[in-house]
Amino acid sequence: NAACRFVEFLEREYAPLEKQRIVVVCGKGNNGGDGLAVARQLKVRFRPASLDVVLGAAPEELRGEAAENWKMLGLAGVRAALEIEPRMRAATLVIDALLGTGLTGQARGRALELIREMNGGFPGAAIVSVDVPSGLSEDGESVKARQTVTFTAPKVEQVLPPTCDRVGELHVVQIGTPAAMLEKHPDYWLNLVEPGMFRRLLEPRPRGAHKGDFGHVLVLGGASGKGGAAAMTGWGALKAGAGLVTVACAEEERRTVTALAPELMTQPWSEDPGEKDVLAVGPGLGRDPEMAGLVQRLFAQSALPMVVDADGLNALAGTAFQGPGPWRVLTPHPGEMARLSGLRTIDIQADRVGVARRFAMEKRVALVLKGQRTVVALRDGRVFVNPTGTPAMASAGSGDVLTGLIAGLMAQWPDRRDLAVLAAVWLHGRAGEMGARESTELCLTATDLIRWLPEAIREARA
């Protein structure tokens, strides 16, 4: 099944395979067995312009599935070699099936030599890895794949830094693994946020729809001198599709809010949110003790769903807070997470998935732990890793926009709040990637994310 799905991927991405010059590098374990099965199918089904197999060990050293597929490869008439020959370096496609997920430590010896050959010895070739780039580890050398085709679900090392940057484009294919296996090993498998999960939320609206159908978001923030943060949150909620958005801010900041987006309404800070559907709390709120108390009371008592960021998180830090029945979404960066959890930032970064999962379940909140490969942990223990984003987004206001996107989508989808959070995080990162291509990583600003949001939505809908 793995070989079939892998070859189907090659057929989609590298057609016509009949014209490709292909080298398949195989190890002596199960990953090598997959590679030998891939080579056999390529030979029998497509007959490429050239097809060579390079073995990482002598045939008599092959074991299990690798040994069985070696026998079948011979029957298919495929030539194999123990060394990369000069003529093979003209390959257009290299299949990496040398080492799989069973590797412990760093690649060494013959395997390391072949990894270096694949990375530097095929100047005109695309490298596609089977399941995982060979040698993938934090400290060792590994294959630098253009694409990786993995099976069943993403693995931790494929989606989290520092190793995720060597995976290339990650594609997950199904080979019939029972769902119970995924549930039994939650720390090995992860969910990768993909548009197919939330595409329904972005479908065209009914022709007779009106603004009251799409929710009313209240943003609580914007202390004196910080109105821009609350304004960007409000604008983000509007651009995410909320029908109405009101910003509760300091009186002197109301002009700042409406200057950024005249569609935003304003009101004073209040204990009573009024007829709203979602609260977005914290952007530009400041650290005034009275405002911190207001945040704590709303968090504990309000029946409305709430997204908490920035100074809203600081207001909760050091308190014995716990999410009540309604949805609570917390969006900390690692420093804020340290203040919320009492852990050191270095320990959080060393186990982002585990820390996020435990915190979300203990506090009964949805947690968006921001950073490279943002982690979204839900109250039921599910964890999702977001693959979109760019260092260009490391600038003031990016988090304020994300808070608005989450609130805006939650207001529209009260029965799909988990998907609304995933959609907002993915779209936020994808808009950043698109904007960075135009304005460079140095020049991207938070409001550029809002400008590129429509393109991200179009891509997710496709």
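## Strands, rings and cysteines in a predicted model

Ile22 stands opposite Leu51 in strand S2. The two residues belong to a parallel pairing of strand S1 (residues 21–26) with strand S2 (residues 50–55), which runs over six bridges. Two strands count as paired if DSSP finds at least two bridges between them. Helices (H or I, at least four residues) and strands (E, at least two) are DSSP runs, numbered from the N terminus.

This is a predicted model, in which local features need pLDDT of at least 70 and side-chain atom pairs count only at pLDDT 80 or more, while totals for chains, interfaces and linings use all residues. Residues are numbered from 1 along each chain as its sequence is written, and side-chain values use heavy atoms, with hydrogens and water left out.

**The seven-strand sheet**

S1 and S2 are part of an open sheet of seven strands. The order is S3-S2-S1-S4-S5-S6-S7, and the pairing is parallel. Which strands stand at the edges? They are strand S3 (80–81) and strand S7 (169–173). Each has a single partner strand, so one side of each is left without a neighbour in the sheet.

**Around strand S12**

Strand S12 (residues 278–281) pairs in the parallel sense with strand S9 (residues 216–220) over four bridges. Here Ala280 is the bridge partner of Val219. S12 also pairs with strand S13 (residues 306–308), again in the parallel sense, over three bridges. In this pairing Leu279 stands opposite Met306. From S12 the chain crosses through helix H10 (residues 289–301) to S13, and this β-α-β crossover is right-handed. Right-handed means that, with the strands pointing away from the viewer, the path from the first strand over the helix to the second runs clockwise.

Are the faces of S12 covered or open? Both are covered: Val278 and Ala280 are buried on one side, Leu279 and Val281 on the other. Buried means under 20% relative accessible area, exposed over 50%, and partly exposed in between (1.4 Å probe, protein chains only).

**Aromatic rings**

A search of the whole structure finds three aromatic pairs. Rings of Phe, Tyr and Trp (its six-membered ring) pair if their centres lie within 6.5 Å; planes under 30 degrees apart count as stacked, over 60 as edge-to-face and the rest as tilted. Two of the pairs are listed here.

| Pair | Centres | Planes | Class |
|---|---|---|---|
| Phe198 and Trp426 | 5.9 Å apart | 55° | tilted |
| Phe321 and Phe359 | 6.1 Å apart | 55° | tilted |

Phe198 lies in helix H7 (residues 195–198) and Trp426 in helix H16 (residues 417–443), 228 residues apart. Both residues are buried.

Phe321 sits in the loop between helix H11 (311–316) and strand S14 (328–330), and Phe359 in helix H14 (residues 352–363), so their pair ties together parts 38 residues apart in sequence. Phe321 is buried at 6% relative accessibility. Phe359 is buried at 6% as well.

The charged end of Lys363 sits over the ring of Phe321, 4.8 Å from its centre. Likewise, the charged end of Arg205 sits over the ring of Phe214, 3.5 Å from its centre. The test asks for NZ of Lys or CZ of Arg within 6 Å of the ring centre and within 35 degrees of the ring normal.

**Cysteines**

How many disulfides does the search of the whole structure find? It finds zero. A disulfide is a pair of cysteine sulfur atoms within 2.5 Å. For Cys4, the nearest cysteine sulfur is that of Cys26, 16 Å away. Cys4 is partly exposed, with a relative accessible area of 27%. Cys26 is buried at 0%.
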